[in-house]
Amino acid sequence: MSPPDAPLVAARGLARHFDVSRPLLNRLLDGAPRQVLRAVDGVDFEIRKGETLSLVGESGCGKSTVARLVVGLYRPTRGSVVFDGTDMAALASRAAAERVRRRFQMIFQDPYASLNPRWRVGRIVAEPIVAHALMSDPAAIRARVDELLLQVGLSPADRDKFPHEFSGGQRQRISIARALSSNPEFLVCDEPTSALDVSVQAQILNLMKDLQRALGLTYLFISHNLAVVHYISDRVGVMYLGRLVETGDVKTIFARPQHPYTRMLLDAIPDLEMSGRPRTPVAGEVPNPIDPPPGCAFHPRCPLATDRCRREVPLARVAPTGATVACHAVEEGRLPPR
Amino acid sequence: MDANGTKLLEVRNLRVEFPSRRGTLVAVDDVSFDIAPGEVLGVVGESGAGKSMTGAAIIGLLEPPGRIAGGEILLDGQRIDNLPYEKMRRVRGRQIGAIFQDPLTALNPLYTIGRQLVETIVTHLDMGERAARDRAIQLLQDVGIPAAERRIDHYPHQFSGGMRQRVVIALALSANPRLIVADEPTTALDVSIQAQIITLIKRLCREHGTAVMLVTHDMGVIAETADRVAVMYAGRIAEIGPVRDVVRRARHPYTEGLMGSIPKIGETVGRLTQIDGAMPRLDAIPRGCAFNPRCARAFGRCRIDRPDPMDVDGARVACWLYGEGR
Amino acid sequence: MDALNRALDSDIFHSFRRSPAVVVSAIVTVLFFAGAILAPWIAPQNPFDLAQVDLMDASLPPFWLPDGQPHFPLGTDTQGRDVFSTILFGSRISLLVGVLSVAFAMVLGIALGLVAGYAGGAVDAVIMRIADVQLSFPAILIALLIDGVARLVIPRELHHEIAIYVLILAIGFSGWVQYARTVRGSCMVEKGKEYVQAARVIGRHPAAIMLQHVLPNVLGPVLVIATIHLAIAIISEATLSFLGVGVPPTEPSLGTLIRIGNNFLFSGEWWITVFPGAALVVMVLAVNLLGDWLRDALNPKLR
């Protein structure tokens, strides 16, 4: 048993490297070196029960890889994922892993690819129930599927249809129903609304909030959309090139961002209120993650970069705002006010 | 429309149809709007609203079997919707430039970007190879590509996504067109790059006096860039007016719902406004106003008659709430 | 009823109806299958029942030629067997060998392709290198090799009885590579899709994911290959039988009939070999046309 304020999920020094070298023969012929993509390179975070942590960042920052590491689709190169006090990598038997596994589920980005096109909705939603043998009586399973479909705003009659008969938003509801069917406590949501239209996105975000309240769910939410993250999260982690640069309460991050990259991201959001807020032009692009800059990976785009930033990787420290920030400028107090 | 009321582009009662085995689908239905010289008109809507189809009809690149089934499109008072293919090809490029969502499909991977730029310039402007190359380098500098003299001889795959979109913009501008149709130009890009591209399009249009029809699903991009905005729903214009009016005090219930459903950083809300249901499919557009089944304020007439856009102080709104007798 | 209406309204059925060549091919194919299956009941005589064959009827020409007789519409061979009946019975053997060898190749190819595609790594490399090696030999040579080995291993007195099974095995084995390659390719695509990842997160067993999730989604292209492969398998069987290493003459296939008839071509009894030959060509052509159409109809890019 874990203490009451212990995190439900924690990542400890989580890293995942991919070998993206060309085939052996080509390397031997051209003398090309081995190439390693450090998609995630030492990430630490904790999620408390009932809380939503969002990871936000631009493409290639490693946020989706973190999601896949947490649910076990990838094995970490270093570090570990701890679920309710249990180190996932240390689970010896398949049965033990399965018992933990049914306590978390995942919702994917593409509602057109995440449902097997040849299965009927009823079978899709019931899959976790059948896989973990949570129920055996077909009538009971059927009743549970109907209940789940109603819970996500579909009708029990939809059970006998195929995924292609539904719109993107409805398919995402089916995905959510499937994720909920094993009564999980923790959901990993990888860009669940980025393929949807805004009005449908609002429906899904509202549904996710309602379900969280009703079922006491804990979310790890992956998104590139800061406005969505602002709406859904309790805490936010900003990622850049495989590392967390700033983690903190949603209010702190949005009101008093510390890391220059967080500030840059916030500045880049289109101004929907049309307040005439002046915008700092953002320079540069994300570098190639196979060959990241030395020192702080953000230094080539950072207006505050010094020699130290170009040499030394900054460590995460708690800033005066309460957020955890990995930045030499913040640590040295060189940060200009905003 | 600018001060003297000149119009660069006029679209009158445009109708785009897709003949299919199960009957004819109407993708764009009776759409009318103008763009003044140098103006940025945003066209916004959710997928399937007909916004991209409207753009494609204007540049004459409707994918068959789609076809213009009615109405007319005038550029500088000249009809361009019924031009033969060769003539339209000359209008496109010379008078109308195009920017698409995916910069990779707009560039030929087998040629250097310089060759593609020079070819376009020589085709449309009275210029020799050398002068065209100079102009190409100038354009690349204009769109913010560093070391343009060197980069001009690179192939598309040697550029990053954001840089590629800049090249596409340079290509669209290369013959100094009067209108650019940009279909989701920032959708495939990261937020920080998105902001750069929007700033770039705005600056270039100001400098070159080019008008832009900006098709996007992103209200934020519209709010940042457009002078006027047309909101499309199920193939028709629901509301068209100055961007400030549409964004801040939307009149059409659909626009209102759409604006409310966008999460905003400036405000903390417990719940987003949501419009229940989904946009109807083209083969099942309801009678009357296409939005009526999802509209909280629908009344009898909405379910019978289809509203046409009507003047509502400065904007045009297709909604019976603003009809006579209300 | 509802399902039938949906099928009749589907795009595939529509594209089928629009092409007369495909409709004709389908009818011809169905006729061949029906004729083959029903041969014992619809053939005018059982050519292999000596009680029904009369040597007095030997070498009769088709009915429209002088001496032709209406109850031997396509003439008779030198032993008095009705050519039309031998074609019906011959198609039976040809189609049987064709269908079963395709089924064998399919099962083997799909299984190996799924394993290679899903497991990846060394397993994939071993399976696909074997496939590459096999592909560097002509399929007919592989079949001949298997047939030769089988003849050496199996006692002589069993040769006739099991010749047909050896043939099925030989032709089937020479054709698995295509299925394996296609399935492996589609499997690698499907494996990356989110519904497969979802099943992995749920904790399904890899074998269950392969069979329940991946397999149904890679069967489309397999169906196309199978149709085209059926034509190839029929031809392979005919070739082997023509070379004399196929089915024994006691239960001749179309290939065997062509070989036997070939001997009489120059003595004037051309019908003994030409009609079985024509039947083979028509059958293979019809199946091939069907396969081509199916490939186009199932390929969304061409629609």
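# Chain interfaces and a nonpolar patch

Between chain A and chain C there are 13 residue pairs in polar contact, with both partners at pLDDT 80 or more. A polar contact is a pair of N or O atoms within 3.5 Å, one able to donate a hydrogen and the other to accept it; residues adjacent in sequence count only if both atoms are side-chain atoms. This is a predicted model, where local features need pLDDT of at least 70 and side-chain atom pairs pLDDT 80 or more, while totals for chains, interfaces and linings use all residues. Residues are numbered from 1 along each chain as its sequence is written, chains are lettered from A and ligands numbered from 1 in the order in which they are written, and side-chain values use heavy atoms, without hydrogens or water.

## Chain A with chain C

On the chain A side of this contact, helix H2 (63–71), helix H3 (94–101), strand E6 (104–107) and helix H4 (121–131) each supply at least two residues. H4(A) gives the largest share, four residues. Helices (H or I, at least four residues) and strands (E, at least two) are DSSP runs, numbered from the N terminus. The contact (heavy atoms within 4.5 Å) takes 24 residues from chain A and 16 residues from chain C.

One salt bridge (a side-chain nitrogen of Lys or Arg within 4 Å of a carboxyl oxygen of Asp or Glu) is counted between these two chains.

## Chain A with chain B

Turning to the other partner, 36 residues of chain A are in contact with 40 residues of chain B. Ten residue pairs are in polar contact across this interface, both at pLDDT 80 or more. Helix H7 (198–215), helix H8 (226–232) and helix H10 (260–268) of chain A each bring at least two residues to the side that touches chain B. The largest share here, ten residues, belongs to H7(A). Asp210(A) and Arg271(B) join their side chains in a salt bridge, at 2.7 Å from N to O.

The table sets out the buried area of each interface, meaning the accessible area (1.4 Å probe) that two parts lose on being put together, summed over both.

| Interface | Buried area | Share from carbon and sulfur atoms |
|---|---|---|
| chain A and chain C | about 1800 Å² | 53% |
| chain A and chain B | about 3300 Å² | 55% |

## Covered parts of chain A

H10(A) is mostly covered, with nine of its nine residues buried (under 20% relative accessible area; exposed is over 50%, partly exposed in between; 1.4 Å probe, protein chains only). Among them are Tyr261(A), Arg263(A), Met264(A) and Asp267(A). The buried residues of H10(A) pack against H8, strand E9 (235–240), strand E10 (243–249) and helix H9 (250–255) of chain A, together with helix H8 (191–208) of chain B.

Ser80(A) sits in strand E4 (residues 78–83) of chain A. Ser80(A) is buried, at 14% relative accessible area. Beyond its neighbours within four places in sequence, Ser80(A) is in contact with Ala10(A), Ala11(A), Arg12(A), Leu14(A) and Asp87(A).

## A nonpolar patch on chain C

Val133(C), Phe137(C), Ile140(C), Leu141(C), Leu144(C), Phe242(C) and Leu243(C) make a nonpolar surface patch of about 590 Å². Helix H6 (139–153) and helix H10 (206–243) of chain C each supply at least two of the patch residues, and H6(C) has the largest share, three residues. Ile140(C), placed in helix H6 of chain C, is partly exposed, with a relative accessible area of 30%.

Patches are made of residues with over 30% relative accessible area and no salt bridge, like charges being joined within 9 Å and nonpolar side chains (Val, Leu, Ile, Met, Phe, Trp, Tyr) within 5 Å.

Technical notes. Accessible areas come from the Shrake-Rupley method with a 1.4 Å probe; for residues, only the protein chains shown count as cover.
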